[in-house]
Amino acid sequence: MKQSIFIANRLREVLLNGHWIANTNCKEKLQLVTWQHAIHKIGNLNTIAALTFHLNYYLSGVLQAFNTEKLEIKDQYSFDLPPVKNEADWQRLTDDFMRNAEMFAAKVEEISDEQLQEAFIDEKYGTNLRNIEGMIEHCYYHLGQISLIRKLITNT
């Protein structure tokens with residue numbers, strides 16, 4: 001199996017359809033969240049909506065970088081969530097996230113094993129493989145937060 005297919009499957013595991021590592025995935029968890037729960041603030045924790053926006057910001061930004069060879073996202077904007085005022089706003093955010101998750105995994109599948117070892121945009125960012133693996137770890141980290149915040153809100 002090509003390494004890019006293996007790593008794309010790992011992305012799909014955390015984002016869309018897996019149960020092996022966390023016994024859940026982002027899509028599954030987010031489908032259980034109402035828009036009211038998505039914006040529910042607990043202390044100084046990020047909201048589920050903010051975490052969803054944050055993950056989507058990086059998925060779409062890195063996907064764009066793979067497509068254009070220009071990295072235009074900035075960490076300082078990664079939590080600049082527009083207001084989620086109703087179910088339609090929440091649905092748009094989650095739909096955009098799922099679409100970008102699918103496109104990101106599909107793009108990773110296209111990358112050759114040689115390209116995985118090449119620099120991501122600039123050598124200071126490491127290799128394409130390192131950045132994709134970092135995305136997987138980043139998604140699991142925030143999936144854990146989303147799961148815990150949801151439990152705190154719903155007591156389930």
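Predicted model: local features only at pLDDT ≥ 70, side-chain atom pairs only at ≥ 80, totals over all residues.

**Contacts, cysteines and a helix pair**

Apart from neighbours within four places in sequence, glutamate 69 is in contact with Gln64 and Ile121.

Q: Where does glutamate 69 lie?
A: Glutamate 69 is in the loop between α4 (48–68) and α5 (87–110). From glutamate 69 to alanine 88 there are 19 residues in sequence and 33 Å in space, C-alpha to C-alpha.

Q: Why is glutamate 69 called exposed?
A: The relative accessible area of glutamate 69 is 66%. Exposed means over 50%, so glutamate 69 qualifies as exposed.

Q: What makes cysteine 26 and cysteine 139 buried?
A: Cysteine 26 has a relative accessible area of 1%, and cysteine 139 has one of 0%. The term buried applies under 20%, so cysteine 26 and cysteine 139 are both buried.

Q: How is the crossing of α4 and α5 described?
A: The axes of α4 and α5 come within 9 Å and cross at roughly 35°, and the crossing is left-handed. Residues making the contact include Phe53, Leu59 and Phe66 of α4 and Trp90, Phe97 and Phe104 of α5. The residues of this contact comprise 14 nonpolar, five polar and two charged.

How values were computed
Residues numbered from 1 in each chain as written. Heavy atoms only, no water. Buried < 20%, exposed > 50% of the residue type's maximum accessible area, 1.4 Å probe, protein only. Helix = DSSP H or I, 4+ residues; strand = E, 2+ residues; numbered from the N terminus. Contact = heavy atoms within 4.5 Å. Axes fitted to C-alpha atoms, helices over the stretch in contact; angles between N-to-C directions. Left-handed = near helix turned anticlockwise from the far one by under 90°. Nonpolar A, V, L, I, M, F, W, Y, C, P; charged D, E, K, R; others polar.
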